[in-house]
Amino acid sequence: MSSAFLSSAFLAGMRFEARMMRRDGAIWFALLILAGVTLFALAMGASRVAAQQAAIAAARADETQRLTNLQKTLAQLQQGETQGKPAPEPPPYRDPRNAAFMGGGPAAAVAALAPAPLALVATGQSDLLPPAVRVTTGSKDSFLFADEIDNPANLMSGATDLAFVVVFVYPLVILAMAFNLLAGEREQGTLAMTLASARRPSAALAGKLTARVAAPIAATLLAVMAGVWIFAGWERLASPGFAALLFVVLLYGLFWAALAAAVDGLGRGSAFNALTLIGAWVAITMILPAAINSIAAFAHPAPSRIDMVLAARAASTDADKARDASLARYADEHGGGRPAGGSQEMTLHRLATQEAAFQRVEAIVAQHDAQLARQRDMADRLGYLSPAYLTYQAMADVAGSGEARYRAFLDRIRAFHVDWREFFLSRAKAGASLTAQDYAAMPKFTQADEELMARAPAGLAGPLIGVALPMLILAIFAWRGFRRCRI
């Protein structure tokens, strides 16, 4: 019987509050703005995904065109040799038979990371790494950091995506709806009537709170569903990743609702509640994430990406200078002549220089990556202090733009780079010319991260627990505050 009274009081409170909210134009305006901003963010995410897809398509078209031209030139050279009418010898850097030069640029392979099905949800790491790179036999600095990724002003201001709206804007609307449920009624003199008319006052108040917070949460979830349907296709709505996305948004909203209810349950005034909740929003969404990154960077300092690129390129330049000095010294000692063995000897000298640069650059990049890995591990552990940090990471993982997928992409590039160098440099060192069969047998980069994306929803357990646990604790405090409520 007690549970029936409780349920009846809860539903009565929720229906009453819903009727009151329907008459408030400000609430409708706030919900429409929230839904509109959500749709706008998804539209911006879809445009970014389209730009990434266009960049990948252009890179692959360029690769196909380059290889077609090289194979055409190779066929012409071989045809001239067989007919006894050899064509003019092209310079080494344009000769499709020259393995040392072709693997270093003209025949470079494209390694691309296609946007995930829900990539429009979060920018994540996609603004720091290009969607496609041209892998060569040179050191990583010659291709991995060769392009400017984005306008620096855009990088400073950040991207407008769904993750940004959910982490920063969404909580503000929930807090605005729920911060003064008790305080507002107490100040307006209607709390006495509410408590006197309900058999279970705490259940009635919980129902009123549910009506208030359900509106912005439902508006956001419906806008997300509509936006993904419009900009990514209805088939995305049936994916496990989309279900995980909705659950992340719901849980994050419930956390802020529980926080607002817990503060309101303290029995203070509306001004106190507003200031306290705004302070909590600033701390959770802005101060704590920045502090987490700063502490991790202080504990495991690493040079900036610019410093790493400059150091890597300096190592490559030093190797080139060492080669030039070696050749100049040989010329002085042998009366200005070139090394014995002609062009093959020059090729071996060039390859030795490339290998020296490669080893030095690899050491610099490996040191930088190891330090960044320590930073990430520490930041992930400290991230449990901020539900906003965890929510953003979870949404980035669902979108396929999180740290794990990009680390896996770079690891595959690293392995492919080794295979690519072995393919071309082994032939160059042996003095063998590339043939049509060699062009057909060149290593091909494969993305092959379907399994990683399939495991992404299962990997959200940690962040979700990190948001759910404080939410439950705050809900308990809020319930106790509602039960202690007095006029």
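Reader: Which accessibility class does A58 fall into, buried, partly exposed or exposed?
Author: The place of A58 is in helix α2; helices (H or I, at least four residues) and strands (E, at least two) are DSSP runs numbered from the N terminus. A residue is buried under 20% relative accessible area, exposed over 50% and partly exposed in between, with a 1.4 Å probe and protein chains only. The relative accessible area of A58 is 48%, so the class is partly exposed.

Reader: What pLDDT must side-chain atom pairs have in order to count?
Author: Residues are numbered from 1 along each chain as its sequence is written, and side-chain values use heavy atoms, with hydrogens and water left out. This is a predicted model in which totals for chains, interfaces and linings use all residues, local features need pLDDT of at least 70, and side-chain atom pairs count only at pLDDT 80 or more.

Reader: What distance separates the C-alpha atoms of A58 and A132?
Author: Along the chain, A58 and A132 are 74 residues apart.

Reader: How many salt bridges does a search of the whole structure find?
Author: Side chains of opposite charge can pair when their charged atoms come close. A salt bridge is a side-chain nitrogen of Lys or Arg within 4 Å of a carboxyl oxygen of Asp or Glu. For the whole structure, the number found is nine.

Reader: How many residues apart in sequence are the parts that E17 and K208 tie together?
Author: The side chains of E17 and K208 meet in a salt bridge of 2.6 Å, N to O. E17 lies in helix α1 (residues 2-22) and K208 in helix α8 (residues 201-232), so the parts tied together are separated in sequence by 191 residues.

Reader: Are R212 and E17 buried or exposed?
Author: R212 and E17 form a salt bridge of 2.9 Å, N to O. This pair links distant parts of the chain, with R212 in helix α8 and E17 in helix α1, 195 residues apart. Both residues are buried.

Reader: Which residues are joined with E17 into one network of salt bridges?
Author: A separate example is the salt bridge between R134 and D62, at 4.0 Å, N to O. R134 in strand β2 (residues 132-135) and D62 in helix α2 (residues 25-82) are 72 residues apart. Salt bridges that share partners join E17 into one network with K208 and R212.

Reader: With which side chain does that of N180 make a polar contact of 3.3 Å?
Author: N180 lies in the loop between α5 (162-178) and α6 (181-188), and N180 is buried because its relative accessible area is 19%. Contact means heavy atoms within 4.5 Å; neighbours within four places in sequence aside, N180 is in contact with E185, R212, D264, S270 and N273. A polar contact is a pair of N or O atoms within 3.5 Å; within protein, one must be able to donate a hydrogen and the other to accept it, and residues adjacent in sequence count only if both atoms are side-chain atoms. The side chain that makes the 3.3 Å polar contact with that of N180 belongs to R212.

Reader: What is the angle between the planes of Y170 and Y252?
Author: Rings of Phe, Tyr and Trp (its six-membered ring) pair if their centres lie within 6.5 Å; planes under 30 degrees apart count as stacked, over 60 as edge-to-face and the rest as tilted. By this rule there are nine aromatic pairs. Y170 and Y252 form a tilted pair, 6.5 Å centre to centre, with an angle between the planes of 35°.

Reader: Over the face of which residue does R427 lie?
Author: The aromatic cluster formed by F409, F416, W420, F423, F424 and F445 is the setting here. A charge sits over a ring if NZ of Lys or CZ of Arg is within 6 Å of the ring centre and within 35 degrees of the ring normal. At 3.9 Å from the ring centre, R427 lies over the face of F423.
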